[in-house]
Amino acid sequence: MKFKLSLLSLLSLSSLSLMTGCSPEKSDLMDKTTQDNWIATAEIHNPSNFDRPDQTLFFSYYDLGLPASFEQSLLFKNDKNQFSSQAIDSDFDGDMDGVVVTASMTSGETLTLDAFVASDPRFAATKRTQAEISLKVGGQWQPHSKYPDTQFEEYVGGEFSNVDSVEPESKYTDHSNWLRYEGPGIESDKVGYRVYLDWRNGFDIFGKLTDKPVLQNVGLDGYESYHHEQPWGMDILKVGSSLGSGGFGLWHKDQVERITKADSRKVTINANGDLFSAFTINYKGWQSAVGKQNLDAHISMSAGSHLANITLDFEQPVETIAAGIVKHPNTELITGDMDITGKAYSYIASWGAQSLDGKMLGMAVFFKKETLKQVTSDKNNYLAILTPKGNQQIYNKNTQQLDYYFAALWQPESGIDNKEAFTKYLEQQAERLTVKPRVRLKTKKSLAAKQQKLTSKVALDWAIKLADSELNRKTYTYEYSGWDINRRRLPKFEYDIVGLYPHTLNRITEATGDKKYQDALTKITGSFIDEQGNIKRFKKSNYNIDSVAPGRAVLKLYQLTKDEKYKKAADLLRQQLAEHPKTKEGAFWHKKKYTSQVWLDGVYMGMPFLAEYSNKFENGHSLEEVVKEFTLTYKYLKDQQTGYYYHAWDEQKQQGWADKNTGLSPEFWARGMGWLAMALVDVLDLIPESETELRLPLIKMSQELAASLKVSQDSETGTWWQVLDKPNQLGNYRESSASAMFTYFLATAIDAGIISDDYKDTTLKAFNGLVNEFVLVHDNGEISLTSLCYVAGLGFGRDGSYQYYMSEPVVNNDPKGTAPFMLAALAVHDLLK
């Protein structure tokens, strides 16, 4: 299946995450499976401490277990209401791939919606969005009165006709009286925008005094009338030589270059629905200071929102793009918090009496922090200078994509008449873009596939199903010459895609004898190692302990092939650990640039490799150093009261996230503890049982950790929460990667005699929870792992607060979760064998 990027962050379900609150009883869900038209039940939780009116939710046909060719209408309802929905093409490839639903939620509210194939699709919905373009027909072209003695012409006579697509000829320019209001328009029930389809390429605003669609009535009598207040509203912005409200241009040599010159511009209306509308402008042969290329700009809006989403697809790389707001006199620039995690949204905005009618008008551009290069201004614009990233949709490093939003709030429509109220709006919108609703999805397709009683074979089958699904979706994009679609960049020698993931697939080969999984070692990990044993895109001097983790896969390659280049590569990683900076007592820093910091996940990144390398090539003389890393982790990161471990410790107690007395970060991040848990059992497997005293501290840690995990296990589902000690707190969710890691740890520890058989029920409940809560079964036979924390770290805008852990994206099928799920399944397979 083609991997889809579903409207990026505009739609709240680009990934699925488990919500707080209770779940429907399994028996209730099973009763629904007997209803022919029932498709799924979704529980949706508002993770914010403010209301979210008109929250747009996206459910892909893929996740709903429906075929890609699904063409019927879906109906969403609960006991009280029926909810409007609309089928959409989320990635603008021409095929409908899911459905949007709009629901309003109060602070912390949980909604339950059932999805059915609609027996009567004629639900009387209210039209709340519109995208359209209209041109004149029945008249004639003649020399342009504004531009005499040029190639440009204007259209005289005729009547306007609405069309789905238009590509103006070269004779068309501004004020040609051919396109109504001079370009395509898009609106919600809150506000409307238009784009000049000519050399100006500016973005203008139609302030609305009604919640009804109005674009079809704008400009019927020419360009002048809508510059004055009409019953529906008016044009409220003087664009001039600026980008207007949210427009874009090339940023080159500290100047904005609008899309002035292009061989052609074509507009296509992609959607004109009740809840979602969109259009695309194809700029062919855009001529700029950095060359000539094609660019597609997708602009969309959803019901109930002032925000418009812009996704720019570049055919060739562009270093920086300016997204801007017109800089009117006597206006004030407002900037959001920039000391945030890279995936979180911030903004620039302007405020003042800048509407053409003299009323207060606020405008904003919202962007992910990771794309921001700088905030600046020029004579005409307030500017956010943004850096496009690799195009996630098509896995091609030669294409780029940039995604951002813009918004305008006009005092007569919004009621906002002061800077404080506007700033509150900006902060809430940034949070809505960053922290998605927590959604728990149960589908008929998935429930039907989960009825088998858990056995050794069933556990193994789940590992195989997820491995095969990922092989189909994206596994070999991780090779050196491929594309890291998770990070949207060239693959690096990463702990997950090059280390843990191929290592795990090899474990499936060892369990099944099927060599196709083992191929990932050579095709992915091996692709980074040249004939001299050098590691590509690896820099030892960074002293990043994450980069050591792939060493286990390298050692397996050497074992399988006896090729000396793999031995040399392993030696290079061993050399890094020999030189790696450490705390005063000898604990490895997480990275050289993370001075004096010990992170919980670092134990897994370095110690299993060091133990295995030492056994193979050093007669085990480094095993004491390996154990010491665990004992220092225990000493400094463990909370003796709860038995949980903090994410990190700063020996110097200087980091912003560090407690000034203890040096500890403030929260118990579940996956951090998951890395520690897996490291314990993996290293114990590498220390000979004859080394009783050496093993003892790790056995003690394992037993204590198992006890704390039993206490913190969610009684309803058998899984664990993103922030471990705060179940049901606003925004918290049950997290799949940590739950998989803990399951692997428990099953492996029981099987190895490290912990008591008394934990077997806890372990099997955990694995059943993994499958029941996080696995979606798709119509094509593939499966997905959902509710997966994409990443978490500290420093560089990551303050370690509870809200920080809530702000990181929740995704599907990232290898930091899929690999532990497969390992958990293999461990349960062994336990039950």
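In what order do the three strands of the open sheet run? In this predicted model, the order is S2-S6-S5, and the pairing is antiparallel. The edges are taken by strand S2 (52-60) and strand S5 (85-88), each of which pairs on one side only. From one strand to the next, the twist averages 30 degrees. Looking at one of these pairings, S5 meets strand S6 (residues 98-105) in the antiparallel sense, with four bridges between them. Ile88 has its bridge partner in S6, namely Gly98.

Eleven of its 13 residues are buried, so S20 is largely enclosed by the rest of the structure. It has antiparallel partners to look at in turn. With strand S19 (residues 264-272), S20 pairs over eight bridges, and Ala271 stands opposite Ala278 of S20. The two strands make a hairpin, with three residues between S19 and S20. With strand S21 (residues 291-302), the antiparallel pairing of S20 runs over eleven bridges.

Ser188 sits in the loop between strand S13 (185-187) and strand S14 (191-195). Is this residue, Ser188, buried or exposed? Its relative accessibility is 1%, and with the cut-off for buried set at under 20%, Ser188 counts as buried because of that value. Its side chain reaches the backbone oxygen of Ser305 at 2.7 Å. Setting aside neighbours within four places in sequence, Ser188 is in contact with Arg128, Thr129, Lys208, Met301, Ser302, Gly304 and Ser305.

On to the helices, starting with helix H9 (residues 564-579). At 1.5 Å a residue, its 16 residues should span 22 Å, and the C-alpha atoms at its ends are 23 Å apart, which agrees. At the N-terminal end, H9 is capped by Asp563, with a side-chain oxygen 3.0 Å from the backbone nitrogen of Lys565. Lys565 is itself buried, and so are other residues of H9, including Tyr566, Ala569, Leu573, Arg574 and Leu577. What do the buried residues of H9 pack against? They pack against helix H8 (551-561), helix H10 (602-617) and helix H11 (623-637).

The largest nonpolar core is made up of 119 residues, and Phe630 and Phe745 have the most contacts inside it. Helix H12 (residues 670-684) gives the most to this core, with eleven residues. Apart from it lies another core, this one of 74 residues, with Val166, Tyr283, Val318 and Tyr405 among them. In soluble globular proteins, nonpolar side chains tend to be buried together. As for Phe745, leaving out residues up to four places away in sequence, it touches Ala677, Leu680, Val681, Ser702, Leu705, Ala706 and Leu709.

Finally, there is Arg734, found in the loop between helix H13 (692-712) and helix H14 (736-751). Its relative accessible area is 2%, so Arg734 is buried. What does the side chain of Arg734 make a polar contact with? The partner is the side chain of Asp714, at 2.8 Å.

Definitions and conventions:
Residues numbered from 1 in each chain as written. Predicted model: local features only at pLDDT ≥ 70, side-chain atom pairs only at ≥ 80, totals over all residues. Heavy atoms only, no water. Buried < 20%, exposed > 50% of the residue type's maximum accessible area, 1.4 Å probe, protein only. Polar contact = N/O pair within 3.5 Å; in protein donor to acceptor, adjacent residues only side chain to side chain. Core = buried A, V, L, I, M, F, W, Y, C linked by side-chain atoms within 4.5 Å. Contact = heavy atoms within 4.5 Å. Pairing = 2+ DSSP bridges. Axes fitted to C-alpha atoms, helices over the stretch in contact; angles between N-to-C directions. Expected span 1.5 Å × (residues − 1).
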